[in-house]
Amino acid sequence: MDAPDIEVSSPPTDGISSLTFSPVANLLAVSSWDSAVRIYDVQPTGVAIPKASYNHEGPVLSVDWSKDGNSVVSGGTDKAARLYNIATGQTTQVAAHDEPIKSVKFLDGQSGILATGSWDKTIKYWDLRSPQPIGTVQLPERVYSMDTRGDLLVAATADRNISIFNLNEPTRIFKHAISPLKWQTRVVSCFIDSQGYAIGSIEGRVGIQYIDDKEVAKCFSFKCHRDESKNVYSVNAISFHPLYGTFSTAGADGTISFWDKDSKQRLKSFPKSNGTISATAFNGTGNIFAYSVSYDWTKGYKFQASEGQVNKVMLHAVKDEDVKPRPPKKR
């Protein structure tokens, strides 16, 4: 029998946009439409204690940790990225765009280099020691989702565009693609080996895409987050397990599943939550999985009065057998 998932106390008061764990400790940063970023310290018992919080001047859309775990960065509708120092409690603005910042990501292997993706149709790279960006890239459309791993950065924009970067040349689009899915992109997430990415859309479908042209035969898409009444739900979040490279999907149907892309099978299904799942994250060792039950606005503003009242962050103790890759099923 699975242990019950633990609810985090003192959660955000409005929609939860992003979750991320520190790479070096079980500290969880949570960004919200209530204009705040909250940091929780997850104890060995699984109980999360509120540790700190700081504010933007508008809803916060994305949060990430520095690689050393010393600071948190966040981006929001105030068109700014802000850096919070864990030790000092100080917040400083470290980036600016002409429109809201949808995604903030620290780059792997490059100390203190931050990428920000915005609705102003650009990605900017920032050295935190300098007030001006060290590089800017024009994209086809507004950034909806962005992820990076190793030398790979993938930005998914409006109109189903995907811009792929080799970070050895960060200001040049290495490859341009159109989403393999027919409808609007909700999320993109890089494989842990940087060889490709998973993409989720509003139509209850996930695409597994490899970067190298020689690997094209391994690309595939699959249906998920649909129900027996043929309702189709948005895939809102995809998180890869840091050790095994298996992954989670979470959706507007209130369900979460773990998958193995290599053997093409589902590893685990979670019980349905009492609301849409807006964001997910594994911790650095992959034994805690955090998810937020929070309205994702899929049904529009009319449902905010009912569904928008639930904003919960839940912690799930991950069992090894639920995330370990499995051999392909014999057909």
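Reader: Does Lys261 count as buried or exposed?

Author: Lys261 counts as buried, because its relative accessibility is 9%. Buried means under 20% relative accessible area, exposed means over 50%, and partly exposed is in between, with a 1.4 Å probe and protein chains only. Please keep in mind that this is a predicted model, in which local features need pLDDT of at least 70 and side-chain atom pairs count only at pLDDT 80 or more, while totals for chains, interfaces and linings use all residues. Residues are numbered from 1 along each chain as its sequence is written, and side-chain values use heavy atoms, with hydrogens and water left out.

Reader: OK, and which residue forms a salt bridge with Lys261?

Author: That is Asp262, and the closest N and O atoms of the pair are 3.0 Å apart. A salt bridge here is a side-chain nitrogen of Lys or Arg within 4 Å of a carboxyl oxygen of Asp or Glu. Asp262 counts as exposed, because its relative accessibility is 57%.

Reader: How many salt bridges does the structure hold?

Author: The structure holds 14 salt bridges. One of them joins the side chains of Lys175 and Asp213 at 2.9 Å, N to O. Lys175 lies in strand 17 (residues 175-178) and Asp213 in the loop between strand 20 (205-210) and strand 21 (220-223), so this pair ties together parts that are 38 residues apart in sequence. Strands (E, at least two residues) and helices (H or I, at least four) are DSSP runs, numbered from the N terminus. Lys175 is partly exposed at 25% relative accessibility, whereas Asp213 is exposed at 56%.

Reader: And what does Glu141 pair with?

Author: Glu141 forms a salt bridge with Arg142, with 2.9 Å between the closest N and O atoms. Glu141 is buried at a relative accessible area of 12%, while Arg142 is partly exposed at 32%. There is also a network of salt bridges that links Glu57, Asp78 and Arg82.

Reader: Switching to rings, how many aromatic pairs are there?

Author: The count comes to 14 aromatic pairs, where rings of Phe, Tyr and Trp (its six-membered ring) pair if their centres lie within 6.5 Å, and planes under 30 degrees apart count as stacked, over 60 as edge-to-face and the rest as tilted. The rings of Phe270 and Tyr291, for instance, have centres 6.0 Å apart and planes at 80 degrees, so this pair is edge-to-face. Phe270 lies in the loop between strand 25 (265-269) and strand 26 (277-282) and Tyr291 in strand 27 (residues 288-294), so the pair ties together parts that are 21 residues apart in sequence. Both Phe270 and Tyr291 are buried.

Reader: Why is the pair of Phe282 and Phe289 tilted?

Author: Its ring centres are 4.9 Å apart and its planes are at 55 degrees, so the pair is tilted. Phe282 and Phe289 are both buried.

Reader: Which charge lies over the face of Phe220?

Author: Lys264 does, at 4.4 Å from the ring centre, and the rule is that NZ of Lys or CZ of Arg is within 6 Å of the ring centre and within 35 degrees of the ring normal. Phe220 also belongs to a cluster linked by ring pairs, whose other members include Tyr210, Phe240 and Trp259. Lys264 itself is in the loop between strand 24 (256-260) and strand 25, is exposed at 51% relative accessibility, and has a positive phi near 55 degrees although it is a residue other than glycine.

Reader: What does the side chain of Trp259 join in a polar contact?

Author: Its partner is the side chain of Thr249, at 2.9 Å. A polar contact is a pair of N or O atoms within 3.5 Å; within protein, one must be able to donate a hydrogen and the other to accept it, and residues adjacent in sequence count only if both atoms are side-chain atoms. Thr249 is found in strand 23 (residues 247-251) and is buried, with a relative accessible area of 0%.

Reader: Last one: which residues touch the most other members of the largest nonpolar core?

Author: Of its 15 residues, those are Leu19, Phe21, Leu28, Val30, Val313 and Leu315. Strand 2 gives the most to this core, with three residues. A nonpolar core is a set of buried Ala, Val, Leu, Ile, Met, Phe, Trp, Tyr and Cys residues joined through side-chain atoms within 4.5 Å.
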